[in-house]
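Open your viewer and get your selection tool ready. We will walk from the backbone to the ligand and then out into the space around it.

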Amino acid sequence: MLKGKKIVLGITGSIAAYKAAYLTRLLLKKGAEVQVVITPAGKEFITPVTLSALTGKPVVSGFFTANDGTWHSHVDLGLWADAMVIAPATASTIGKMANGIADNMLVTTYLSMKAPVFIAPAMDLDMYAHPSTQRNLDLLRSFGNLIIEPATGFLASKLEGKGRMEEPDEIVNQLEAFFSKENKLSKKKIVITAGPTYEKLDPVRYIGNYSSGKMGFALAEACASRGAEVILITGPVGLSVNHPVIKRIDVESADEMYEEAIRSFRDVDGAILCAAVADYKPALFSENKIKRKTGERLSVELVPNPDIAAALGKMKKKGQVIAGFALETNDEEKNALNKLERKNLDFIVLNSMNDAGAGFRTDTNKITILFPDNSKKVFPLKSKTTVADDIVDEMENLLM
Ligand code: CTP
């Protein structure tokens with residue numbers, strides 16, 4: 001998978017930089033061409049001589065070579081590469097990348113990069129857990145960058161926790177997995193619904209749910225990274241996408257989501273219905289704010305919302321594939337299979353509220369995929385990004 005791939009390997013100032021030599025070696029062994037870009041702090045941990053001896057290329061660090069004035073073009077590197085891998089990535093470099101602080105060759109190269117970027121953080125556990133680092137990583141994810149999660153274990157600080165750079169073998173595995181999927185969905189168009197819906201009660205209140213939209217956004221990124229054209233219809237969420245092939249349509253209510261989904265479905269190959277659509281909406285919308293009447297009960301009459309999944313299931317033509325989700329608390333598989341059949345879906349992704357780490361407001365998910373012939377695939381607890389990949393694998397199988 002990596003044969004002939006041109007890889008810019010960015011190295012920053014972390015003790016894990018010593019592993020970058022082994023990572024370079026592994027990439028070369030797989031047939032990749034490696035160009036190292038190292039920060040000034042990175043050079044304190046590993047010498048450019050080691051890296052240039054391995055790659056057979058001068059290591060780039062400054063904007064030009066002092067003795068002869070040779071200019072190193074970060075723009076050219078951005079166009080040359082098939083992937084950029086920053087391993088190890090320190091909290092400082094992650095912060096600079098997230099905020100466009102281009103004060104060294106590595107960050108300018110990152111900002112010029114046309115190819116996918118993989119980031120393998122390495123730092124102390126408290127630095128990793130700090131809201132500043134987490135916010136910066138979320139920003140990088142929203143730019144479409146792929147974060148290679150650090151491992152949990154013994155750290156250079158002699159503390160134990162999450163922050164240790166992922167092992168070079170695993171980084172190479174993730175790169176290979178990425179390239180093996182690249183372009184698998186090219187020329188395919190997929191519509192995805194995500195997030196909650198808000199059903200208005202009055203000008204300042206609504207009925208909603210806890211869906212964060214993370215699963216739907218991860219699915220959109222996964223489809224886009226395989227070359228699909230993606231239409232992402234999302235309810236109100238605090239997330240952003242930056243993948244150029246994701247067309248985002250923001251909606252608020254189930255009715256608005258329904259209209260957009262019906263409009264898009266006609267000329268797509270597949271749909272993944274991940275939104276937590278409110279089943280009911282208030283029968284009446286009060287133009288004025290509903291006032292409290294001390295001591296009195298207040299009843300709100302609710303009427304059903306349209307079922308988007310069922311409507312698309314009815315419209316479905318030969319060759320189109322629809323995947324739905326089921327979040328269940330009891331009789332999980334039976335209820336999910338019932339939905340699959342009732343909505344005419346091709347497969348359904350079951351989340352059980354009884355599984356810790358699954359469902360709303362988490363970064364992880366634990367799913368079972370059920371098919372119309374009652375067969376199933378059970379997956380362990382994984383990050384939502386990895387779960388998205390498993391779901392898109394099924395979509396891809398059915399679309400081929
Ligand atoms: N769904 C939808 N439109 C709705 C309700 C649900 O498109 N109005 C989709 C969801 O996006 C999901 C699937 O249908 O893919 C299952 O949603 P769920 O709310 O669990 O199904 P319901 O049929 O509403 O069943 P329940 O009685 O469990 O709420």
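Helices (H or I, at least four residues) and strands (E, at least two) are DSSP runs, numbered from the N terminus. With that in hand, select strand β3, residues 83-89, where you will find P88. The peptide bond that joins A87 and P88 is cis, with omega about 0°.

A word on the model: it is predicted, so local features need pLDDT of at least 70 and side-chain atom pairs count only at pLDDT 80 or more, while totals for chains, interfaces and linings use all residues. Residues are numbered from 1 along each chain as its sequence is written, and side-chain values use heavy atoms, with hydrogens and water left out.

Next, select K187, in the loop between α8 (168-181) and β8. The phi of K187 is near 70°, a positive value in a residue other than glycine. Most residues other than glycine have a negative phi, and most peptide bonds are trans.

**The ligand**

Which residue has a side-chain N or O atom 2.6 Å from an oxygen atom of the ligand? That is K339. Turn to the backbone: a polar atom of A309 is 2.8 Å from a ligand oxygen, and one of P306 is 2.9 Å from a ligand nitrogen. Taken alone, the ligand exposes 570 Å², and the protein buries 77% of that (Shrake-Rupley method, 1.4 Å probe).

**The pocket**

Zoom out to the second largest pocket, where the ligand sits (more than half of its atoms lie within 2 Å of the grid points). A pocket is an open set of points on a 1 Å grid over the protein atoms alone, where a 1.4 Å probe fits, with protein on both sides within 12 Å along at least five of seven lines; lining residues have an atom within 4 Å of a point.

Select the lining: 40 residues, of which C274, A275, A276, V277 and F325 lie nearest the centre of the pocket. Among the elements that give two or more residues are β8 (189-194), α9 (214-225) and β17 (347-352). Finish on β16, whose four residues are the largest share of the lining.

Technical notes:
A polar contact is a pair of N or O atoms within 3.5 Å; within protein, one must be able to donate a hydrogen and the other to accept it, and residues adjacent in sequence count only if both atoms are side-chain atoms.
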